[in-house]
Amino acid sequence: MEKLMRKLKELFLKLLNTSIVKYGLVGVINTLITAIIMFTLMNLFSVSLRLSNLIGYAAGFINSFILNKNWTFKAGNSSTLHQFLKFTGVFAVCFLLQHYLVLLLVEKLLVDKNISALIGMVFYTVVSYIINKIFTFKK
């Protein structure tokens, strides 16, 4: 039993050390930051969906760059400014895509704003991982 537990621990540590798992964990943290800020602004302070969305994603963006550069992709030795500009470009494209998806869901398809925001978050996370992996933090 001890040998099995040791093997499982080794497998878990190997899996935890892969970029996709790390990106997923960073994504969970970013999603929580984004959601807490966005839903708090919308539902407790009556801030508009658009502004709440923007502020939430901006906070998640800052956290995401720091954690992904230094932990997920271990790109600490590369030019921070160069990567930040690329990361910002990827963020802008992905943010606009998810933002208009959320607006489409809410304003045209009449989906609840909270559900629409969650759909937008999932969409953003998947698309941004792919682009950041092959473009921003490529080795």
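1. Basis of the values. The model is predicted, so that local features need pLDDT of at least 70 and side-chain atom pairs count only at pLDDT 80 or more, whereas totals for chains, interfaces and linings use all residues. Residues are numbered from 1 along each chain as its sequence is written, and side-chain values use heavy atoms, with hydrogens and water left out.

2. Overall fold. The protein has five helices and zero strands, where helices (H or I, at least four residues) and strands (E, at least two) are DSSP runs numbered from the N terminus. Its pattern along the sequence is α-α-α-α-α, and its C-alpha atoms fill a box of roughly 55 × 40 × 25 Å along the principal axes. Among contacts (heavy atoms within 4.5 Å) with a separation of 6 or more, 67% join residues 24 or more positions apart.

3. Leaving aside residues up to four places away in sequence, Tyr57 touches Thr34, Phe91, Phe95, Gln98, Gly120, Met121 and Tyr124.

4. Salt bridges. There are two salt bridges in the structure, each defined by a side-chain nitrogen of Lys or Arg within 4 Å of a carboxyl oxygen of Asp or Glu. Arg50 and Glu107 form one, at 3.2 Å from N to O, and this pair links distant parts of the chain, with Arg50 in helix H3 and Glu107 in helix H4, 57 residues apart. Arg6 and Glu2 form another, at 3.8 Å from N to O; both lie in helix H1 (residues 2-16), four residues apart, about one turn of the helix.

5. Exposure. With buried meaning under 20% relative accessible area, exposed over 50% and partly exposed in between (1.4 Å probe, protein chains only), 35% of the 139 residues count as buried. Glu2 is exposed at 62%, while Arg6 is partly exposed at 45%. Arg50 is partly exposed at 46%, and Glu107 is partly exposed at 46%.

6. Surface. The accessible surface, from the Shrake-Rupley method with a 1.4 Å probe, comes to about 8600 Å², of which 73% belongs to carbon and sulfur atoms.
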